[in-house]
Amino acid sequence: MKSQEITKISLLVATGVVLPSLFHVSGIPGAVFLPMHLPALLGGFFLSSGSAAFLLGFILPLLNFFLTGMPPFPGFLVMMGELGGYGILVFFLYRKKRWGVFPSLFASLLGGRLISILGNWILIALVLGKKFSFLPVLNTLFVISLPGVAIQMVLVPLIVKGVENFVQGREASPGSF
């Protein structure tokens with residue numbers, strides 16, 4: 001693995017721990033603004049393999065749980081699949097299928113939410129043996145988190161295009177810093 005890839009992963013992991021921690025410390029609800037989702041999504045756009053993008057998203061909820069206790073048990077288990085799904089879906093759609101930034105992001109957000117619905121059903125109904133209700137899950141994924149989704153739909157394309165333009169500009173003028 002190249003040092004550049006290790007640097008990208010390190011930066012995304014650090015962002016995926018620090019950003020949610022800042023939200024929790026300041027009292028801003030993570031379930032509304034989804035700060036851990038941003039680095040998981042960006043990993044799909046910037047990392048050089050789908051497995052690295054998946055593992056980044058997969059590990060962030062677990063790492064945050066062990067470091068900060070958030071997201072709480074057992075919900076972080078479902079988030080591991082959801083965020084891992086974001087990483088690999090974005091990577092596949094953007095890097096392999098050559099979809100645009102916005103369509104890749106939008107489809108990945110829907111796919112990750114489907115993974116979350118399935119994960120919640122498995123956790124609640126099969127593992128915990130409780131009655132599963134779609135409405136609370138759908139409310140969390142599509143209503144409560146709407147501000148976070150809006151932020152993702154604006155920030156992620158801006159960051160991706162900004163970084164791509166910066167990299168292209170550096171490649172065009174290799175002698176400059």
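Start with helix H1. Of the elements around the largest pocket, H1 gives the largest share of the lining, eight residues. Keep in mind that this is a predicted model.

How much space lies in that largest pocket? About 730 Å³. The lining of the largest pocket has 23 residues, and the closest to the centre are Gln4, Lys8, Phe46, Val163 and Val167. By class, the lining of the largest pocket has 12 nonpolar, five polar and six charged residues.

On to the second largest pocket. About 600 Å³ of space lies there. Its lining has 25 residues. Nearest the centre of the second largest pocket are Ala31, Pro71, Gly75, Met79 and Thr140. Which helices supply at least two residues each to this lining? H1, helix H2 (30-33), helix H5 (75-96), helix H6 (101-127) and helix H7 (134-144). The largest share comes from H6, with five residues. By class, the lining of the second largest pocket divides into 15 nonpolar, eight polar and two charged residues.

Now the rings. The structure holds eight aromatic pairs. Take Phe65 and Phe66. Their ring centres are 5.5 Å apart and their planes sit at 65°. Over 60 degrees counts as edge-to-face, so that is what this pair is.

Phe66 has 62%, so Phe66 counts as exposed.

Phe65 has another partner, Phe76. The ring centres of Phe65 and Phe76 are 4.2 Å apart, with the planes at 15°. Under 30 degrees counts as stacked, so Phe65 and Phe76 are a stacked pair.

Where do the two partners lie? Phe65 is in helix H4 (residues 50-68), and Phe76 is in helix H5. The pair therefore ties together parts that are 11 residues apart in sequence. As for Phe76, its relative accessibility is 4%, so Phe76 counts as buried.

One more step out. Phe65 and Phe76 belong to one aromatic cluster, together with Phe66 and Phe73.

Conventions:
Residues numbered from 1 in each chain as written. Predicted model: local features only at pLDDT ≥ 70, side-chain atom pairs only at ≥ 80, totals over all residues. Heavy atoms only, no water. 1 Å grid on protein atoms, 1.4 Å probe; cavity = no way out; pocket = protein on both sides within 12 Å on 5 of 7 lines; lining within 4 Å. Points joined across faces, edges and corners; volume = space filled by probe spheres on them. Helix = DSSP H or I, 4+ residues; strand = E, 2+ residues; numbered from the N terminus. Nonpolar A, V, L, I, M, F, W, Y, C, P; charged D, E, K, R; others polar. Phe/Tyr/Trp six-rings, centres within 6.5 Å; stacked < 30°, edge-to-face > 60°. Buried < 20%, exposed > 50% of the residue type's maximum accessible area, 1.4 Å probe, protein only.
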